[in-house]
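Subject: Handing over a structure for you to look at

Hello,

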Amino acid sequence: MRLILLFAVFALLGLALETANFHLISFRPLLPNLIVILAVDLGFRHHSITAALTAFSIGYATDAFAGSHPGLNAFMITLIYVVCYEISSRLLVTNAFVGATVVFFGVILTALGAIAISAGIEAVGQSGGIMPTLMLQAGISAILAPFMFSILARCKRAIGLSVAPARE
């Protein structure tokens, strides 16, 4: 229950940042994708059905607040959780660098996946124009990911949750 509440609070903050700050920051790629960072942290450190359902719920909340296609973000965030779960169970080291790398590719995967699902797979090949802004957002998200991981770790310690990956 504490895990769900912690990630619900951070998901609401992430959604507020993504949806309410359009007036403050007009250049959207400067906003990090905090939802992907949360999904990566869940996949690396929490291997349970509760964590998987939390990742799905975060994606579903993203659909409710900012999604154009119902279920699309729920699918993509759950996919990122599953990929991180598999990486975490296969690699011996899942540190902040690995997490930042996965966040970088996760942001790109969610954007290209959303394009492929909403406009068709051939639209991904024609999306070269958005790649510079997408790479900028992925880079900013990857740079901020270790800081978010440390903030999440401090909050987990404060409420008595495990900080280490589930396999350790």
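This is a predicted model: local features need pLDDT of at least 70, side-chain atom pairs count only at pLDDT 80 or more; totals for chains, interfaces and linings use all residues.

Residues are numbered from 1 along each chain as its sequence is written, and side-chain values use heavy atoms, with hydrogens and water left out.

**The overall picture**

The protein has 7 helices and 0 strands; helices (H or I, at least four residues) and strands (E, at least two) are DSSP runs, numbered from the N terminus. Along the sequence this gives the pattern α-α-α-α-α-α-α. The radius of gyration of the protein is 15 Å, close to the 15 Å from the globule rule for 168 residues, so the protein is as compact as a globular protein of that length. Here the radius is taken over C-alpha atoms, and the rule is 2.2 Å times the number of residues to the power 0.38. The C-alpha trace spans about 45 × 35 × 30 Å along its principal axes.

Of the 168 residues, 42% count as buried. Buried means under 20% relative accessible area, exposed means over 50%, and partly exposed lies in between (1.4 Å probe, protein chains only). Among contacts between residues at least 6 apart in sequence, 74% join residues at least 24 apart.

The protein exposes about 8,600 Å², and carbon and sulfur atoms supply 71% of that area. Such areas come from the Shrake-Rupley method with a 1.4 Å probe, and for residues only the protein chains shown count as cover. As for charge, there are 8 positive and 6 negative side chains, with the centres of the two sets 13 Å apart. Lys and Arg count as positive and Asp and Glu as negative, while His and the chain ends are not counted. Each charge is placed at NZ of Lys, CZ of Arg, CG of Asp or CD of Glu.

**H2 and what surrounds it**

I would start with helix H2 (34-45). In H2, 12 of the 12 residues are buried, so this helix is largely enclosed by the rest of the structure. Those buried residues include Asp41 and Arg45, along with Leu34, Val36 and Phe44. What covers them includes H1, H3, H4, helix H5 (96-119) and helix H7 (131-159). The 12 residues of H2 should span 16 Å at 1.5 Å a residue, and the end C-alpha atoms are 16 Å apart, which agrees. The expected span is 1.5 Å times one less than the number of residues.

Phe10 is in helix H1 and is buried, with a relative accessible area of 13%. Not counting residues up to four places away in sequence, Phe10 touches Leu38, Met148, Ile151, Leu152 and Cys155. The C-alpha atoms of Phe10 and Leu34 are 8.3 Å apart, although 24 residues separate the two along the chain.

**H3 and H4**

Helix H3 covers residues 49-66, and its 18 residues should span 26 Å; the end C-alpha atoms are 25 Å apart, which agrees. The buried residues of H3 pack against helix H1 (2-20), H2 and helix H4 (72-90). One of them is Thr54, with a relative accessible area of 6%. Thr54 touches Ile4, Phe7 and Leu42, again not counting residues up to four places away in sequence.

The 19 residues of H4 should span 27 Å, and the end C-alpha atoms are 27 Å apart, in agreement. Buried residues of H4 include Met76, Ile80, Tyr81 and Cys84, and the buried set packs against H2, H3 and H5. Asn73, also in H4, is partly exposed at 23%.

Ile108, the residue I began with, is in helix H5 and is buried, with a relative accessible area of 11%. Its C-alpha atom is separated by 8.7 Å from that of Gln137, which is 29 residues away along the chain. Leu144 is in helix H7 and is partly exposed, at 30%. Leu144 and Val103 are 41 residues apart in sequence and 9.6 Å apart in space, C-alpha to C-alpha.

Methods: Contact means heavy atoms within 4.5 Å.
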